[in-house]
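Please keep the viewer open and follow the stops below in order.

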Amino acid sequence: MSLWVDFYRPKQLDGLHYHHDLSKRLRSLASSDDFPHMLFYGPSGAGKKTRIACVLRELFGKGTEKLKIDQRVFLTPSKRKLDINVVQSNYHIEITPSEAGSYDRTIIQDLLKEIAQTQQVDLSAKHRFKVVVINEADTLSRDAQAALRRTMEKYMSNMRIILCANSTSKLIAPIKSRCLLVRVAAPTTEEIVEVMKHVAKQERFGLEDEAAKEIAEDSNGNLRKALLVFEALRMQSPDLSGPLTIAKPDWETYCHKVADMIVQEQSPGRVMEVRSKLYELLSHCIPPTVILKTIAERVVDRVDESLKADIMHWAAVYELRMRVGNKKIFHLEAWVVKVMSLYKHFFYGIDMDGFD
Amino acid sequence: MTFFQPQASRKAATKAVVEEPSLQPWVEKYRPKTIDDVASQEHTVAVLRRTLTSTNLPHMLFYGPPGTGKTSTILALARQLFGPDNFRSRVLELNASDERGISIVRDKIKNFARQTPRAQTKASDGKTYPCPPYKIIILDEADSMTQDAQAALRRIMETYARITRFCLVCNYVTRIIDPLASRCSKFRFKPLDSESTASRLAHVAQEENVPVSDQVISALISTSQGDLRRSITYLQSASRLSHSTDPPVPITPADIQEIAGVVPDPVINSFATSLGVEVADDSMDVDGGVKAKNFDEVRKKVKGLMREGYSATQILTQLHDLVIEHPTLAAHKKAQCALVFAEADKALCDGADEELWILETALRVYKAAS
């Protein structure tokens with residue numbers, strides 16, 4: 001018994017519930033001989049991978065669902081061995097090069113060349129080319145992206161590449177100009193409700209409009225999250241009646257607690273308390289950016305209007321420093337102190353200009 | 001058949017290419033076959049044409065933005081010099097997808113460089129080629145070579161200068177170490193002007209039987225900004241989409257924008273308006289109360305944009321164009337906005353969080369405009 005998210009994941013382009021124009025385009029592209037390299041981008045939970053899987057199925061038929069997982073060993077130039085998991089069917093191969101960290105270039109070069117130099121042996125296959133799906137393409141290093149450039153043109157005859165990324169900002173222009181860009185926007189609340197109704201119908205139980213809407217709005221356009229929450233709630237109360245309490249993840253409530261602490265009191269002692277809480281969050285592997293964003297959102301909701309813009313400004317600044325720097329906790333703390341001092345000065349009416 | 005066939009068949013047994021030329025990307029199909037076909041680089045072409053007759057060639061360094069014909073030019077030149085039959089034995093092409101560390105420079109490049117060129121084989125197509133007594137090594141995307149690898153090239157370039165010429169192709173000439181740059185004669189490739197892009201696109205469209213209107217051509221030019229390869233790729237993608245429906249629908253400028261990943265104008269305009277940029281009196285008379293509502297509105301607007309999945313750099317670029325070219329906005333406000341855009345661009349390049357920085361930009365533009 002798999003989760004609903006997986007169980008009700010559409011397998012064909014016809015089964016997709018929203019972005020019908022996009023599905024139509026994808027279908028017609030897949031049916032023509034002339035299939036381009038593609039780049040799917042959009043926020044998480046919008047259905048990028050589902051669409052990629054559907055396109056593959058449309059291209060090659062049912063064979064793409066028979067997947068096997070291989071562990072491949074790559075040798076870096078410095079003779080280090082890298083184990084990379086590769087998911088493949090007879091027609092396509094799926095890799096996440098960012099697993100290899102800074103050695104992603106080696107993987108791209110080795111694997112793509114290997115695939116590009118072998119021809120499709122299955123004569124009954126609908127297309128002569130194989131498809132390489134590269135996940136998390138926006139985390140590829142510059143070198144790896146540069147390695148893709150010429151490969152994409154040169155081996156066009158027996159290979160197509162499908163890139164999957166959250167944003168195109170980190171991809172270099174030559175890659176973007178070689179791909180057909182496909183934007184997958186997050187579904188609207190109504191579309192999420194529709195999908196949830198569909199699931200409810202398949203599971204044979206009724207779903208109240210209001211409950212559905214509440215879950216959909218809470219999910220913030222992330223269909224995966226919506227379905228997971230939906231299933232969890234269904235486990236708690238089978239008829240989904242009564243007031244719904246959408247359980248927030250622990251880390252989120254914890255972040256909110258930290259935000260409340262910052263607003264309540266601004267003192268060195270409080271900074272120490274906040275610091276220990278931040279350590280706690282970091283040690284549970286919550287990404288520092290997510291921590292900062294969640295706390296900032298919460299703080300902004302609870303302070304005076306004139307402070308909001310400043311708080312977000314410093315959040316942006318310290319988030320950047322966090323990326324460039326090395327010790328995440330320093331910058332988180334610095335932001336907390338900054339917010340505290342802004343807040344306090346605001347109360348004592350001291351002008352903060354020129355204090356940067 | 002086409003110019004690229006000998007190369008492609010070197011690595012992969014590409015019978016398929018020969019059978020189905022329609023599957024080739026148009027960029028490859030319409031690569032210039034002689035240097036006279038290269039669009040809008042008159043100066044470089046004039047210099048190179050003389051080398052065709054004089055059989056002498058300096059080491060060369062081609063640099064310029066992507067899609068301006070650097071690789072095409074050197075390949076066309078090599079092709080004209082050696083003809084299809086000698087091409088394989090006389091030209092070595094290495095690019096960033098090949099391993100190009102110092103070991104490759106020491107082994108592969110050096111070995112190729114020290115070979116005395118083979119005698120000219122008889123051209124099978126009956127034409128005569130100059131076939132001068134040297135080989136050409138093309139190092140494409142040379143700016144992604146390491147400093148060490150470049151340093152290792154220095155002596156090789158000089159030692160075998162009698163029988164081997166190097167051609168370095170790169171985007172940023174500053175990434176090539178000085179000793180190498182000084183050994184080469186430099187050619188700068190400028191971005192294509194819109195007339196030659198337009199005529200080239202019209203040519204491709206005509207050859208491929210794709211009906212395109214003038215609006216589409218101008219949309220292609222404006223989205224690709226002088227990058228011919230990009231505009232041809234967009235044209236091909238658009239024609240794929242239009243052909244795949246039955247009956248084929250004509251290509252519209254909106255299609256091109258969607259393919260290019262450009263944020264539609266209405267979206268950007270409404271975003272700018274909500275920041276108080278376009279409709280100036282919208283946010284001029286704000287007092288504390290209304291503004292309070294507006295912070296959350298700005299945030300909501302940004303969240304909406306991010307949910308639609310538009311890329312942050314693209315939003316930034318377009319917002320920048322809109323603000324800077326705004327007819328009525330005061331100069332000092334524009335200056336403030338420009339500062340924000342610069343900071344945000346740097347932040348995004350460093351990999352900062354997109355939503356936070358778009359929000360930051362929005363808030364500061366909002367503050368500057370009000």
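Over all chains, the count comes to ten aromatic pairs, where rings of Phe, Tyr and Trp (its six-membered ring) pair if their centres lie within 6.5 Å, with planes under 30 degrees apart counted as stacked, over 60 as edge-to-face and the rest as tilted. Select Phe62(B) and Phe189(B): this aromatic pair is tilted, at 5.0 Å centre to centre and 50° between the planes. Phe62(B) lies in strand 1 (residues 60-63) of chain B and Phe189(B) in the loop between strand 5 (185-188) and helix 9 (194-207) of chain B, so the pair ties together parts that are 127 residues apart in sequence. Helices (H or I, at least four residues) and strands (E, at least two) are DSSP runs, numbered from the N terminus.

This is a predicted model, in which local features need pLDDT of at least 70 and side-chain atom pairs count only at pLDDT 80 or more, while totals for chains, interfaces and linings use all residues. Residues are numbered from 1 along each chain as its sequence is written, chains are lettered from A and ligands numbered from 1 in the order in which they are written, and side-chain values use heavy atoms, with hydrogens and water left out.

Next, colour chain A by domain: domain 1 (4-183), domain 2 (189-236) and domain 3 (250-355), with bounds from an automatic or database domain assignment. The C-alpha centres of domain 2 and domain 3 of chain A lie 33 Å apart.

Now select helix 7 (residues 189-202) and helix 9 (residues 223-236) of chain A, which pack at about 40° with their axes 11 Å apart. Axes are lines fitted to C-alpha atoms, for helices over the stretch in contact, and angles run from 0 to 180 degrees between N-to-C directions. Helix 7 and helix 9 of chain A are therefore oblique to each other (under 35 degrees is roughly parallel, over 145 roughly antiparallel, 65 to 115 roughly perpendicular and the rest oblique). On the helix 7 side of chain A, Ile192(A), Val195(A), Met196(A), Val199(A) and Ala200(A) meet Leu223(A), Ala226(A), Leu227(A) and Phe230(A) of helix 9, contact meaning heavy atoms within 4.5 Å. The residues of this contact divide into nine nonpolar, no polar and no charged; Ala, Val, Leu, Ile, Met, Phe, Trp, Tyr, Cys and Pro count as nonpolar, Asp, Glu, Lys and Arg as charged, and the others, Gly among them, as polar.

Move on to helix 11 (residues 268-283) and helix 12 (residues 288-301) of chain A, whose axes come within 10 Å and cross at roughly 135°. Here Leu278(A), Leu281(A) and Leu282(A) of helix 11 meet Pro288(A), Ile291(A) and Ile295(A) of helix 12.
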